[in-house]
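Dear colleague,

Please find below the structure that I am handing over to you. My notes on it follow directly after.

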Amino acid sequence: MASVELIGLTKAYPTPEGVLTILRDLTLTIKAGEAVAVTGPSGCGKSTLLSMLGVLEEPSGGSLRLFGEDPYRLDETARAFFRNARIGFVFQDHHLLPQCTVEENVLIPKLAAGRVVEQDVVRARGLLEQVGLSSRLMHRPGRLSGGERQRVALCRAVINSPDLLLADEPTGNLDPATADEVGDLLLRLVADGGTTLVCVTHSESLADRFPRRLRLRDGGVVDSHAAVEDA
Ligand code: ADP
Ligand code: MG
């Protein structure tokens with residue numbers, strides 16, 4: 001089944017100078033388990049696209065389906081549940097809670113969904129082990145390096161085994177070597193789980209490691225995958 005289906009998706013904002021169209025008539029399908037990099041100049045609408053995919057920002061027109069469902073048709077409560085259960089986010093800033101330990105930070109989406117059981121703690125520790133942070137479970141984020149904080153943020157984003165993982169310039173604040181490590185971990189965390197990954201990045205080296213690339217420009221999209229299929 002398609003993970004993401006956009007048909008004629010449009011996003012426009014009313015401004016005092018008139019309507020500002022950010023994204024125009026985007027049509028594309030992303031299959032379950034695909035890993036897609038999104039690139040494009042600053043201000044072209046990459047974050048806006050991710051917010052719409054993340055059920056945070058309603059499209060102005062066209063249709064958006066996630067796993068066959070239009071999440072914008074759900075009421076607020078069902079929409080929040082859908083988001084928490086099926087979608088993970090990683091941002092440029094880690095957004096970790098400073099007063100919580102590394103392990104607690106990873107468990108926050110579980111807390112939001114109800115309560116934390118032993119199995120969740122085991123999963124959190126397993127994820128932290130995968131990203132090389134087993135010896136940091138009880139640390140506060142303030143004691144970690146930028147790359148380590150972002151690795152914790154990755155674990156938190158995948159703790160609920162999301163169907164769709166959205167990352168908005170997740171390596172944007174990191175030095176190139178650390179950025180490569182975090183990028184590799186991101187790809188590895190989704191490699192075997194069937195999770196669909198959509199990652200906005202300025203890094204050509206990170207984008208090059210994705211099997212598919214979307215380039216946003218002037219409200220439209222160039223899709224490397226579509227180009228290959230047409231050839
Ligand atoms: P990117 O992530 O590619 O840098 P964004 O998606 O953040 O770009 O923004 C795309 C454009 O949309 C920018 O020109 C921005 O100013 C504009 N924009 C974003 N949110 C709003 C809003 N609420 N009202 C008006 N314009 C907005
Ligand atoms: Mg952005």
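**Pockets, sheet and selected loop residues**

The second largest pocket is lined by 14 residues, and those nearest its centre are Arg-123, Val-158, Leu-189, Gly-193 and Thr-195. A pocket here is an open set of points on a 1 Å grid over the protein atoms alone, where a 1.4 Å probe fits, with protein on both sides within 12 Å along at least five of seven lines; lining residues have an atom within 4 Å of a point.

Please note that this is a predicted model, in which local features need pLDDT of at least 70 and side-chain atom pairs count only at pLDDT 80 or more, while totals for chains, interfaces and linings use all residues. Residues are numbered from 1 along each chain as its sequence is written, chains are lettered from A and ligands numbered from 1 in the order in which they are written, and side-chain values use heavy atoms, with hydrogens and water left out.

The second largest pocket holds about 190 Å³ of space, a volume being the space filled by probe spheres set on the points, which are joined across faces, edges and corners. Helix H4 (118-130) and H6 each supply at least two residues of its lining; helices (H or I, at least four residues) and strands (E, at least two) are DSSP runs, numbered from the N terminus. By class, this lining has five nonpolar, five polar and four charged residues. Ala, Val, Leu, Ile, Met, Phe, Trp, Tyr, Cys and Pro count as nonpolar, Asp, Glu, Lys and Arg as charged, and the others, Gly among them, as polar.

The largest pocket contains about 370 Å³ of space. Of its 16 lining residues, Asn-84, Ile-87, Phe-89, Pro-109 and Arg-156 are the closest to the centre. At least two lining residues come from each of helix H2 (76-86), E5, helix H3 (102-113) and H5, and H2 gives the most, with four. Nine nonpolar, four polar and three charged residues make up the lining of the largest pocket.

As to the sheet, six strands form an open arrangement in the order E5-E6-E7-E3-E8-E9, with mixed pairing; two strands pair if DSSP finds at least two bridges between them. Strand E5 (87-90) and strand E9 (220-223) are at the edges with a single partner strand each, so one side of each has no neighbour in the sheet. On average, neighbouring strands are turned by 20° against each other, direction ignored. E5 and strand E6 (residues 164-168) run parallel and are joined by four bridges, with Gly-88 opposite Leu-165 in E6.

Helix H5 (residues 146-158) lies across E5 and E6, at about 170° to E5. Axes are lines fitted to C-alpha atoms, for helices over the stretch in contact, and angles run from 0 to 180 degrees between N-to-C directions. Helix H6 (residues 176-191) packs on the sheet and touches strand E3 (35-39), E6 and strand E7 (196-200), contact meaning heavy atoms within 4.5 Å.

Two loop residues also deserve mention. Glu-169, in the loop between E6 and H6, has a positive phi of about 50° although it is not a glycine. Glu-169 is buried, with a relative accessible area of 15% (buried means under 20%, exposed over 50%, partly exposed in between, with a 1.4 Å probe and protein chains only). Asp-218, in the loop between strand E8 (212-217) and E9, has a positive phi near 50° and is exposed, at 69% relative accessible area.

With kind regards
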